[in-house]
Amino acid sequence: MLNVCFENFGKEVNSIHPIVSVSFATQEGDFLNGYLIVDTGSSSNILFNRVQDLGIVEIVEDSSRMTIVSSGTDNMESSIFKAEFTLGGIKYQEPFFMISSDIEEVVNEKYGNNNILGIIGSKFLIKHGLVLDFNSNSLYSSDSSKEEIDESENMFVVLRFNNELFVPIIYLSSQDNRTMFPCLLDTGAEENITTKFVLNKLAY
């Protein structure tokens, strides 16, 4: 059963991103230690382009390509890679997409030399039944049938994952409860974002 705490880089890095420590196996039998951001706004796992030179990934097949769609950058074409890594003492072998974009530059600017290698996406969380807990700042395995929640002490939301995009969705309702607006719950974003249209409809 997985149970790991989010990494804290100290006061010099002001961030609320959930970040976990990982160790990737290299093709030479070595290990590369680093960190991945747990980003529920990304359905897929992503490695940054600079990691390609470190020998930790293999191309599954050249014909296996996908378009990466991001709200902050242009769409990108990427091959699918397989990578073996250890998280919380548990070994995983998972597909990753390799990208080089503004996302990597923003992460490097924020985290400097803390060796952020990429992103863990929602598909990984769903596949392995993992829970992000911001009360305990941890990522852990959970059997929902055995999970006990004290409603008197905790305010919580039940998330519904979109069946096509594999991302968690919550709903905002207008004051008269007649209109519902689906919203992406994105742990990779630091600010709440919406449109003037939605704000007008919500009458805030």
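An open sheet of 3 strands has antiparallel pairing and the order 1-11-10. Its edge strands, strand 1 (3-5) and strand 10 (130-133), each pair on one side only. Averaged with direction ignored, neighbouring strands of this sheet are turned by 15 degrees against each other. Strands here are DSSP runs of E with at least two residues, numbered from the N terminus, and two of them pair if DSSP finds at least two bridges between them. Angles are taken between N-to-C directions, from 0 to 180 degrees, with axes fitted as lines to C-alpha atoms.

The model is predicted; local features need pLDDT of at least 70, side-chain atom pairs count only at pLDDT 80 or more, and totals for chains, interfaces and linings use all residues. Residues are numbered from 1 along each chain as its sequence is written, and side-chain values use heavy atoms, without hydrogens and water.

Strand 10 is joined to strand 11 (residues 138-141) by 4 bridges, and the two run antiparallel. Within this pair, Leu130 stands opposite Ser141.

Glu94 lies in strand 8 (residues 90-99). Glu94 counts as buried because its relative accessible area is 4%, the cut-off for buried being under 20% with a 1.4 Å probe and protein chains only. Its side chain makes a polar contact with the side chain of His128 at 2.8 Å; such a contact is a pair of N or O atoms within 3.5 Å, and within protein one must be able to donate a hydrogen and the other to accept it, while residues adjacent in sequence count only if both atoms are side-chain atoms.

Phe48, in strand 4 (residues 46-48), is buried at 0% relative accessibility.

Note on methods: Buried < 20%, exposed > 50% of the residue type's maximum accessible area, 1.4 Å probe, protein only.
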